[in-house]
Amino acid sequence: MTKAAYVHIPFCHHICHYCDFNKVFMKNQPVEQYLDTLDREMGMADVKKGLQSIFVGGGTPTSLNEAQLFELVESIKRRLPLSPDAEYTFEANPGDLTPEKLRILKEGGVNRLSIGVQSFNDAHLKRIGRTHTKEDVLRTVRDAERAGFDNLSIDLIYGLPEQTVDDAVDTVKQALALGLPHYSAYSLIIEPKTVFYNLMAKGRLPLPKEESEADMYEAVMREMELQGLHQYEISNFAQPGFESLHNITYWNNDEYYGFGAGAHGYVNGERYANFGPLKKYMEPLERGEWPRMSSQQVTKQEQMEEEMFLGLRKTDGVSISTFEKQYGENPIHLFQKAIGEMTGRGLLQIKGDSICLTHRGKFLGNEVFQSFLIEA
Amino acid sequence: MNNNDRLERQERIRNFSIIAHIDHGKSTLADRILEQTKALTAREMKSQLLDSMDLERERGITIKLNAVQLNYTAKDGQDYIFHLIDTPGHVDFTYEVSRSLAACEGAILVVDAAQGIEAQTLANVYLALDNDLEILPVINKIDLPAAEPERVRQEVEDVIGLDASEAVLASAKAGIGIEEILEQIVEKVPAPKGDPEAPLKALIFDSLYDAYRGVIAYIRVVDGTVKVGDKIKMMATGKEFEVTEIGVFTPKTTQRKELTVGDVGYLAAAIKNVGDTQVGDTITSAKNGATEALAGYRKLNPMVYCGLYPIDSSKYNDLREALEKLELNDSALQYEPETSQALGFGFRCGFLGLLHMEIIQERIEREFKIDLITTAPSVIYQVTMTDGEELRIDNPSDMPDPQKIAHVEEPYVKASIIVPNDYVGAVMELAQGKRGIFIDMQYLDTNRVSVIYEMPLSEIVYDFFDQLKSSTKGYASFDYELIGYKQSKLVKMDILLNAETVDALSFIVHRDFAYERGKVIVEKLKELIPRQQFEVPIQAAIGNKIVARSTIKAMRKNVLAKCYGGDISRKRKLLEKQKEGKKRMKQVGSVEVPQEAFMAVLKMDDQQK
C-alpha cells in the first residue's frame, strides 16, 4: 500500500554550487505547462486512499509565483487525498516566502515547512552559491510561525569549504536557538555536474579533512542531544513526536509515489525514475503515458538488502520480528556473515529485537551497509 | 603449376614490409595499399585493418605481425604479387621486426615529414640494412602544415646514408603518392631468388595456435615448393608432420594448393604442440630435405620480470590457463609459478619490455576477466656470493642476505635518444638522475641531436619512458639495446605494512639513492592505500634498519549523510561501487591494499619532480 508521495518542482532562481538534483533556471521555462502536466501525472496515479505524507521538494518549490503556487497546491489537493493526521511538507527557500505565499500554503493544507538554510554564516552561504543571508532565515522562520506553521524544520550542511569545526558548531547553535522541533544536518558530498565538482577537479576546493568532518558530525550530534533533539536517523534530529513521516517512509523501505520531472518512486514493488529534462517528461504525459525513464521490479533479495541498509540508518535500526514477518526469514541467519563481521568491528549491535548501528557505526555506516549487499 | 610457370611467377613477386616510428603513419599506409590493390572492398575496409586486436586499435600500435598477399597491376601492364608483412613499431618488439624483415627483400621506410627520423626508425632501418633489404624512403604526411619534406629528405641522406633523391612524397591519409610507392616496389624491390625445384626451405617467422587446426606457422618459402599432403620436417626439432592446409592471407584466409619460392603464407599440419614449431626454424621436406637450415633468429630472452597474482586467489588456475593460451601466440612470454607471502599463489613472468608486460596484463584482465595484482617489474640481477656461488635473481624478495653477497651485477643498456636541441639539457638531467653514463652526442641537423647514454636497465624500467616524454614535451624518441652486466652497489629495500614485511613490495635500489627512494615510496603508498578502520604504519627498511616511515590514518567517516531524496537505486549503486572497489583490493595481513600500490615503486619519481 503506497502511503506517501513526493512531488518535484525543478525550478530555481539560483543554482547552488553543490546541488545535483534535477533542476533548471526558472527564467523562460514553461512553468504553467509543467504544472498542468504534473497535475495530469498525479491524476493518472488515481490515488484513492488518504496518503499519510506528501513532500513537495525541488528544485525550489517556493520559487513559484503566488498564482503558480496556488495552482500547485490546488492540484495536489484535487489529486492526492490526505488522511486526517497526515504530514504535508513543502521545501522552502529562505527569503522566498512572502506572507501571501505562506497563506496559500497554509490554506492549501500544508502543515510542515522544511527550510533550506545550510549555514548561519553569510560568508559560507555565499561560497556555496546561496543567495540568502542569515537575516533572511530569521525573518522566514518568524513569518512562518506567525502564519501558523508550528512544525518547521531546517536543513544544514556541514563540511563546507574552509569550514572549521567551530564554524559548524556555531551554525548548529544558532539553528538550535530558534527552538524548532526538527533539524536535518547533512554532510557535503561533491557530486559530478556541479560547480564544486569542477572546482575540486581543478584542486580549487579546500574541503575540510576527514578528521574535521568526523569531528563536525560528532559535535552536531552532541549539540542536538543537549537541546533535547534525539537523533532518529544518521542525518535527522527531532523533538519526540516530530520525526518526519516522509523521511521514515524511505528508511522503512515503504512505498511512495514520485511525481514530477526526475522524481523517483516505489510503487507495487517497482522502483522507477521519471525523465529529468522537462520536454522529455512532459511529452509522454501529453499522450497520456507515464514519463518513465527507467523502472525495475525489486527482487525479494534486493528488498531484503534494502530493508537492512535503509533501516540501519535509523537509530532504532531494523526490527528482527518485523523483518521475519515481512520476508519469512530471520535476518540474523540471512546476514550472519555481515552481522558477525560488523559487530566484531564494533560498528553494529543487536539490542533486543533490533539490529542497529553503534555510535561508531554511524560514522562508518557505508562500511556496514555494503556488507549487507549479498554478492551475486 | 609447372616449374616454368613457377619461375615466371617468381619474377613477379615482391616481398616487403613497412618500417616506421609510432604515429608516422605505417598502419594508414598499409590500409591505403590494401585499398589500392583492391584487396578489400570499401565495405570491408575497417580503419587500420592489419591491427586486428582491439588492444592494437585502441593503442594505435601493432603488436603481432601480419602478412598479406596482394595483387597489383603495374604501369608496365604486368600483374605483380605483393606480400606485405606488417611489423610492430615499438622497441619491445624489435625481435618481431627482425623476424618479419628476414622474410622480405625490401622495406618501405616511412618518415613523418614534420617529425623527421626518430630513434626507433633508426634502429629498424639498421635491422633492415643488416638483412640486405632494399629500402624505399617515403616521406609521409606532406599535407600537414608543419611538413618540411626537403629537410627530412636531407636528414634521411645525412643520418642514414640512404639515397633519398627518389623518396616518394606521400600522404597516406590523403591518398597522395600511393601509386608511386607501389610502382617503386615493382621497380626497386628485387624478386625473390631461389629454386622451386630445390629441397624445401621455408622460414617460420611467426606462429599462432588455433584450437581446431593446431599450430598455424607463418612461413616464407625460400627454396622449393610445399603442397597439402607433403611430409615435412622441422629442422631444429626433427619433428615430422603431414601438411593439412596451406594458404595465404588476402587478408582473408585463402587456401592454396601450394606455396613456392617467394610466397609468404601459412601452413597447418595438425601440430598440437607449440614447442614443435619454433619461430626462426626452417621447414624442409621429410624426405630428401635440405641439409642446411636458414639463418634463424637469436631467441630473445625476457628483460623484465614481474609477479602476476590473481586478486581472487581462487582464480589461480584460470590465470595459469590464460598464460598458457597467451604463450601459444607469444613465444617471448615466459612464466613460472611462484608464491608470495603477501599475495599467495601466482606467477613470475618474463617480458621483452614494459609495453609487452602491460599488454599481457591487459589482455589477461580483458580477455580472460581475471583481476590481477602486478608487482613492480624487476630486471635479472647476477649475484655472486661470498662462497663463490652465482645466483640469478629475478624477484627482489629473493635477494640473499647482504652479509653473504660478494657483489651484484645488473644489466646495462645503451640508450639512444633523439631530441630537439632545446631539450638536450632536460634529457641529460634525466639520464644522470637515472645513473646514466654519458657516451656521445651528435647533431643530426641544426636542430636535432642524438644523445647516447649507458644506463642500468632497471632505471629504464622505472618509468624512464614516461619521464622522458614529459620532460621533452613528447619530442624525444628513444631506443635501447642490452650491452651487458656491470657491477653496482645495490641493496634490497623492504616495505612493512602494519609492521609486517610485504614481500611483493620489496625492490632493489642503488645504495646512494636508497634513503631518498625509501622516503618517497612510503609517502606514495600512504597516498595509494586507502584509510582502514585502524591506523597503519608504513616503513621502508634495508635489512633491519628502518630508513623511512609514514602512517595511514584510520578511517573516521564514511557514511551517506546526504539528502538523496527517494533515489534509493542511487544509494544502492554507490554502496555497490564501494564494495566493488574493495573486491579489487588485496587483503595483505589485515590491510586492504589496492592494485596500484604494488606498482608504486614505478611512480616514485613523480614526486621528485
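Guide: In strand β4 of chain B, the bridge partner of B:Ile19 is B:Leu109. The strands concerned are β1(B) and β4(B), which pair in the parallel sense over five bridges.

These two strands belong to an open sheet of six strands in chain B, whose order is β2-β3-β1-β4-β5-β6 and whose pairing is mixed. The edge strands of this sheet are β2 and β6 (168–169) of chain B, each of which pairs on one side only. In a regular strand, side chains alternate between the two faces of the sheet.

β2(B) pairs with β3(B) in the antiparallel sense, over eight bridges. One of the pairs links B:Val68 with its bridge partner B:Leu84 in β3(B). Together, β2(B) and β3(B) form a hairpin with five residues between them, and B:Gly77, in the turn, has a positive phi of about 85°. Although β2(B) is an edge strand, it is mostly covered, since six of its eight residues are buried.

What lies over these strands? Helix α2(B) lies across β1, β2, β3, β4 and β5 of chain B, and runs at about 155° to β1(B). This helix spans residues 26–36, and nine of its eleven residues are buried, so it is largely enclosed by the rest of the structure. To count as buried, a residue must have 20 or more other C-beta atoms within 10 Å of its own. The buried residues of α2(B) are B:Lys26, B:Ser27, B:Thr28, B:Leu29, B:Ala30, B:Asp31, B:Arg32, B:Ile33 and B:Leu34. An α-helix has 3.6 residues a turn, so residues three or four places apart point the same way. The cover over the buried residues of α2(B) includes the strands β1 (13–20), β2 (66–73), β3 (79–86), β4 (106–112) and β5 (134–140), together with helix α7 (178–188) of chain B. After α2(B) comes B:Lys38, whose phi is positive, near 55°.

A second sheet in chain B may be set beside this one. Four strands form an open sheet in the order β18-β19-β17-β20, and their pairing is antiparallel. Here β18 (334–340) and β20 (372–374) stand at the edges, each with a single partner strand, so one side of each is left without a neighbour in the sheet. Neighbouring strands of this sheet are turned by 30° against each other on average, direction ignored.

B:Asn498 lies in the loop between β27 (490–497) and β28 (500–501). B:Asn498 has a positive phi of about 55° although it is not a glycine, and it is partly exposed, with 17 other C-beta atoms within 10 Å.

How confident is the prediction for this chain? The mean pLDDT of chain B is 86, and 91% of its residues reach 70 or more. Within chain B, confidence is highest in strand β21 (residues 381–385), at a mean of 96, and lowest in helix α15 (residues 604–608), at 50. The model as a whole scores ipTM 0.90 and pTM 0.69.

Finally, chain B touches chain A. The contact takes 19 residues from chain B and 34 residues from chain A. On the side of chain B that touches chain A, the residues divide into seven nonpolar, six polar and six charged. Chain A itself has 16 helices and 17 strands, and buried residues make up 48% of its 376 residues. Of the contacts in chain A with a separation of 6 or more, 71% are between residues 24 or more positions apart.

Key: Residues numbered from 1 in each chain as written. Chains lettered and ligands numbered in written order. Predicted model: local features only at pLDDT ≥ 70, side-chain atom pairs only at ≥ 80, totals over all residues. Contact = placed C-beta atoms within 7 Å. Nonpolar A, V, L, I, M, F, W, Y, C, P; charged D, E, K, R; others polar. pLDDT = per-residue confidence, 0-100. Buried ≥ 20, exposed ≤ 12 C-beta atoms within 10 Å, placed from the backbone. Pairing = 2+ DSSP bridges. Axes fitted to C-alpha atoms, helices over the stretch in contact; angles between N-to-C directions.
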